[in-house]
Amino acid sequence: MLLLALTGSLSTGKSTVSNLLSRPPYCLPVIDADVLARAVVEPGTPGYKKIVNHFASTTPDLLLPTPVNERDENGSKAGHDKLSHKPGPSSEDRTGRPLNRAALGRRVFGSTPSRQRDRKILNSIVHPAVRWAMARSVIYYYIRGHWAVVLDIPLLYDSHLDIFAPVVLMVAASPEVQMSRLRLRDPHL
């Protein structure tokens, strides 16, 4: 099976290329590392539990609030006894409420030594889980008889995953095009 790695900088058109490769005449399965990175930290996963256990005590807004439709008539979390609440992450937090990605980003992105340390810790949780999920996906498509798979990995070289793909497709765009695409996608920037 041929593994084609697709990589490139922010807003260069990687999604456009992966969409082209997933349609006729190519019809190649695409394994998207960004999608897997979100999946491996969904509530209930081992990655989620590790992140909550490590960061919750020092990042109070790590988890998104309980949705209003999951609250009882008094506005409390349904099934939650206020008197039995203990400090630290509750069992519900380790299995239910989604991560607040913005709060986690504020915690790990920056150049201070503590943020760099926290980013390494977060990466040590997420990257192995993504690698395993990618491996399972490759095996799945191999068993299904696909001759090739596209591995959409924005941080291909940073994560040292280039050693697994004999063919690398680098998507590039001019800085002006990148900025234009980025502003269309994220107008708040």
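The model is a predicted one, so please read each value below as computed from it.

Let's begin with Arg97. You will find Arg97 in the loop between helix 3 (46–55) and helix 4 (101–108). Arg97 has a relative accessible area of 14%, and because buried means under 20%, Arg97 counts as buried. Its side chain reaches two backbone oxygens: that of Leu64 at 2.8 Å and that of Leu63 at 3.4 Å.

Next comes the backbone. Most residues other than glycine have a negative phi, and most peptide bonds are trans. Against that background, two residues here have a positive phi although neither is a glycine: Ser11 and Cys27. The table sets them side by side.

| Residue | Phi | Relative accessible area | Loop |
|---|---|---|---|
| Cys27 | about 55 degrees | 42% (partly exposed) | between helix 1 and strand 2 |

So where does the loop with Cys27 lie? It runs between helix 1 and strand 2, and Pro25 has its place there too, with helix 1 spanning 14–22 and strand 2 spanning 30–32. The peptide bond from Pro24 to Pro25 is cis, with omega near 10 degrees.

Key: Residues are numbered from 1 along each chain as its sequence is written. This is a predicted model: local features need pLDDT of at least 70, side-chain atom pairs count only at pLDDT 80 or more; totals for chains, interfaces and linings use all residues. Side-chain values use heavy atoms; hydrogens and water are left out. Helices (H or I, at least four residues) and strands (E, at least two) are DSSP runs, numbered from the N terminus. Buried means under 20% relative accessible area, exposed over 50%, partly exposed in between (1.4 Å probe, protein chains only). A polar contact is a pair of N or O atoms within 3.5 Å; within protein, one must be able to donate a hydrogen and the other to accept it, and residues adjacent in sequence count only if both atoms are side-chain atoms.
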